[in-house]
Amino acid sequence: MVWKKVNIKDFKKVLLVHNTSSGPRAFSLATKQHVRIIEADLKLAYGEERFQKIRLKTYEEMLEAGQKICDEKYDWVIVAGGDGSLRALVETFIKRDYYPYVSVFPAGTVNLVAKELSQQTDSAAWFANVQEGNVLPVWLGKGNDRIFLTVTGVGVDSLVVDNVKASEKKYLSSLAYLKQGGIVAGQELLLRRWKYKFKVMIDNDGKWRSATSVIVTKSKYYAGRFSLAKGGSISKPVLYVCIFTGGKVVDFLRYTALIAADLLRLDKTVKIIEAQQVQIKCNVKNFAAELDGDSVATSPLDISILPTPINFIS
């Protein structure tokens with residue numbers, strides 16, 4: 001779905017933000033080379049007066065870059081990084097009520113936004129795509145006071161994410177989640193029944209639904225190439241609430257297999273409900289929640305769709 005088109009040649013201020021610490025180490029050299037090519041193409045297209053670049057490494061530097069973008073009123077921001085880098089910038093845009101056009105070059109550990117927008121990892125193909133000026137609205141979710149672009153949730157997934165170290169993401173990429181998933185399975189499922197319980201309310205309907213894990217997605221993709229909800233899209237202002245009710249190790253193994261086979265909707269112990277607002281509470285205080293693959297919030301969670309999308313050029 002293409003919402004509208006823009007002529008990128010008309011932009012007066014363009015910024016390339018490269019998170020050099022983003023993504024797996026194994027591919028960092030190749031990725032940096034592609035980013036350098038994109039930088040050269042943009043510099044040639046806009047000249048030094050209209051184009052700037054920033055290289056950064058930390059979350060704090062991402063927030064500073066977001067402030068700079070809002071203060072100096074950049075028209076188009078290209079993010080070379082993953083979903084976490086995007087989220088850090090977008091949170092600043094929302095707080096400052098400034099909405100530039102955004103593009104993403106997939107250079108992170110988690111690149112679900114780029115995948116859904118069909119962004120290429122080859123610099124020449126990527127630049128050819130954005131030159132078309134196709135714009136899609138990406139509707140944002142909010143979990144408590146934090147923004148997410150693709151997915152949030154509490155339960156087994158968020159417990160795994162909360163225990164993955166930054167160094168493991170850097171060196172192991174997606175293998176870090178598999179490693180930690182095995183540890184969580186051994187500690188929390190094999191030796192005893194899953195002890196965490198959640199309650200879920202949909203659109204303030206007054207009904208609290210029981211769950212052992214909850215995933216709230218607004219994306220077509222989950223954990224790479226998999227899909228949880230038919231019809232999910234970051235370009236739709238809809239939340240899909242996946243409520244898991246099984247609490248035994250065999251249940252979680254079945255869920256994993258069904259997700260891999262794109263058949264989760266067939267499991268009678270899983271409910272998938274469309275929503276605009278979701279409230280989640282837990283039987284323990286401050287249970288870790290994940291947003292876009294990072295542990296940045298805790299229960300209880302108040303989840304909703306924001307009223308204004310970010311316009312992505314893809």
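Reply: Happy to. Helix α1 (residues 28–50) packs with helix α5 (residues 123–131) at an angle of about 40°, their axes lying 9 Å apart. Helices here are DSSP runs of H or I with at least four residues, strands are E runs of at least two, and both are numbered from the N terminus. Axes are lines fitted to C-alpha atoms, for helices over the stretch in contact, with angles from 0 to 180 degrees between N-to-C directions. That angle makes α1 oblique to α5 (under 35 degrees is roughly parallel, over 145 roughly antiparallel, 65 to 115 roughly perpendicular, and the rest oblique).

This is a predicted model, where local features need pLDDT of at least 70, side-chain atom pairs count only at pLDDT 80 or more, and totals for chains, interfaces and linings use all residues. Residues are numbered from 1 along each chain as its sequence is written, and side-chain values use heavy atoms, leaving out hydrogens and water.

Which residues meet? From α1 come His-34, Ile-37, Ile-38, Asp-41 and Leu-42, and from α5 come Ser-123, Trp-126 and Phe-127, contact meaning heavy atoms within 4.5 Å. These contact residues divide into five nonpolar, two polar and one charged.

Now the sheet: six strands form an open, antiparallel sheet in the order β8-β7-β18-β15-β10-β11, where pairing takes at least two DSSP bridges. β8 (146–148) and β11 (209–211) are at the edges with a single partner strand each, so one side of each has no neighbour in the sheet. From one strand to the next, the twist averages 25°. Within the sheet, β15 (residues 277–282) and β18 (residues 301–305) pair antiparallel over four bridges, and Gln-279 stands opposite Asp-302 in β18.

Terms used: Nonpolar A, V, L, I, M, F, W, Y, C, P; charged D, E, K, R; others polar.
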